[in-house]
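Trainee: I am new to reading structures. Can we go through one together, feature by feature?
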Amino acid sequence: QFMDRSAAQKAWDEKMRLRGKITDKDREWQRKKEDEKRQKALRHLHTYAKSLTGSDGMHHPIIKVKSEMPPEELQPKEEKISKKQQEILDKNNAKKEEEKQAADAKQEKEWDKSVEALSQ
């Protein structure tokens, strides 16, 4: 497979054809320019591949899911919790709920005071 030559490459070929002879210095310059172009293409390809796999803060990773997998396997499995652990969790949740209600009651009292002061 070959890519079409760019306008700059065609202009270079035309210039060399009109000159008649091509020196080693000309060939070296042309080889250097082709290497630079190849290096830029590889750098671009590397950056593109890195964005797809490593993400590096560019976007969330792309995750492909096989369609043959049943939906149950895609869902995270719940861990089994012993009765003792469940009691502790329930106790902590109840404590947090009480603290939240106490804070709400305190905030409501402060608001009532400020509303009464404004109404007088």
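Trainee: Is R27 buried, exposed or partly exposed?

Mentor: Start with the terms. Buried means under 20% relative accessible area, exposed means over 50%, and partly exposed lies in between (1.4 Å probe, protein chains only). R27 has a relative accessible area of 41%, so R27 is partly exposed.

Trainee: What should I know about the model itself?

Mentor: This is a predicted model, where local features need pLDDT of at least 70 and side-chain atom pairs count only at pLDDT 80 or more, while totals for chains, interfaces and linings use all residues. Residues are numbered from 1 along each chain as its sequence is written, and side-chain values use heavy atoms, with hydrogens and water left out.

Trainee: How many helices and strands does the protein chain have?

Mentor: Helices (H or I, at least four residues) and strands (E, at least two) are DSSP runs, numbered from the N terminus. Here there are four helices and zero strands. The order from the N terminus is α-α-α-α.

Trainee: What percentage of the residues is buried?

Mentor: Buried residues make up 5% of the 120 in the protein chain.

Trainee: With which residue does R27 form a salt bridge?

Mentor: General idea: side chains of opposite charge can pair when their charged atoms come close. A salt bridge is a side-chain nitrogen of Lys or Arg within 4 Å of a carboxyl oxygen of Asp or Glu. R27 pairs with D24 at 3.2 Å, N to O. Both sit in helix α2 (residues 24–53), three residues apart, so about one helical turn separates them. D24 is exposed, because its relative accessible area is 62%.

Trainee: Which residues gather in a patch of negative charge?

Mentor: Patches use residues with over 30% relative accessible area and no salt bridge; like charges are joined within 9 Å. Asp and Glu count as negative. This surface patch holds E97, E98, E99, D104, E108, D112 and E116. Take E98, in helix α4 (residues 83–119). At 55% relative accessibility, E98 counts as exposed.

Conventions. Patches are made of residues with over 30% relative accessible area and no salt bridge: like charges are joined within 9 Å, nonpolar side chains (Val, Leu, Ile, Met, Phe, Trp, Tyr) within 5 Å. Accessible areas come from the Shrake-Rupley method with a 1.4 Å probe; for residues, only the protein chains shown count as cover. The place of a charge is taken as NZ of Lys, CZ of Arg, CG of Asp or CD of Glu.
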